[in-house]
Amino acid sequence: MNAEMEKRIMNLLSMAARARRIVSGAFTAEETLKKKRGAYLLLAADASEETKEKFTRMAAQMNVPAAELLTMQQLGRCLGKEYRAVAVLIDRGFADRLSTYLHEIPMGVD
């Protein structure tokens, strides 16, 4: 992911945080997914493998799209926290915009 795309994603997540349309932290994210309120799961790239597997499995069961991006420090910073390994967008509009951004990322194959 290039720096421009990373900045766009971080800005989007910051807007979602200001609008209170994203929850973060393992416990809150798990509760949100169990209540079927999640629109998009975000995992930090440097989160533990156990955390990634647990939340990826849970998101798949709930039919919630998931992405692994940013670091725990970057994810936390754009949410106004120190470190965050997991966050869940609870707004369909923000989730759709994030999905659009992620589909714009070149995969290295032309």
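Does glutamate 30 count as buried or exposed, and at what relative accessibility? Glutamate 30 counts as buried because its relative accessibility is 17%. Buried means under 20% relative accessible area, exposed over 50%, and partly exposed in between, with a 1.4 Å probe and protein chains only.

This is a predicted model: local features need pLDDT of at least 70, side-chain atom pairs count only at pLDDT 80 or more, and totals for chains, interfaces and linings use all residues. Residues are numbered from 1 along each chain as its sequence is written, and side-chain values use heavy atoms, with hydrogens and water left out.

Glutamate 30 sits in helix α2 (residues 26-34). Helices (H or I, at least four residues) and strands (E, at least two) are DSSP runs, numbered from the N terminus. Setting aside residues up to four places away in sequence, glutamate 30 touches Lys54, Phe55 and Met58. Contact means heavy atoms within 4.5 Å.

Now move to alanine 59, in helix α3 (residues 49-61). Alanine 59 is buried, at 1% relative accessible area. Beyond neighbours within four places, alanine 59 contacts Leu41, Val64 and Ala66.

Next, the strands. Two strands pair if DSSP finds at least two bridges between them. Strand β1 (residues 22-24) runs antiparallel to β4, joined by 3 bridges. Valine 23 has valine 88 as its bridge partner in β4. Strand β2 (residues 40-43) is also antiparallel to β4, through 4 bridges. Here leucine 42 stands opposite alanine 87.

In a regular strand, side chains alternate between the two faces of the sheet. Strand β4 (residues 86-89) is covered on both: Val86 and Val88 are buried on one side, Ala87 and Leu89 on the other.
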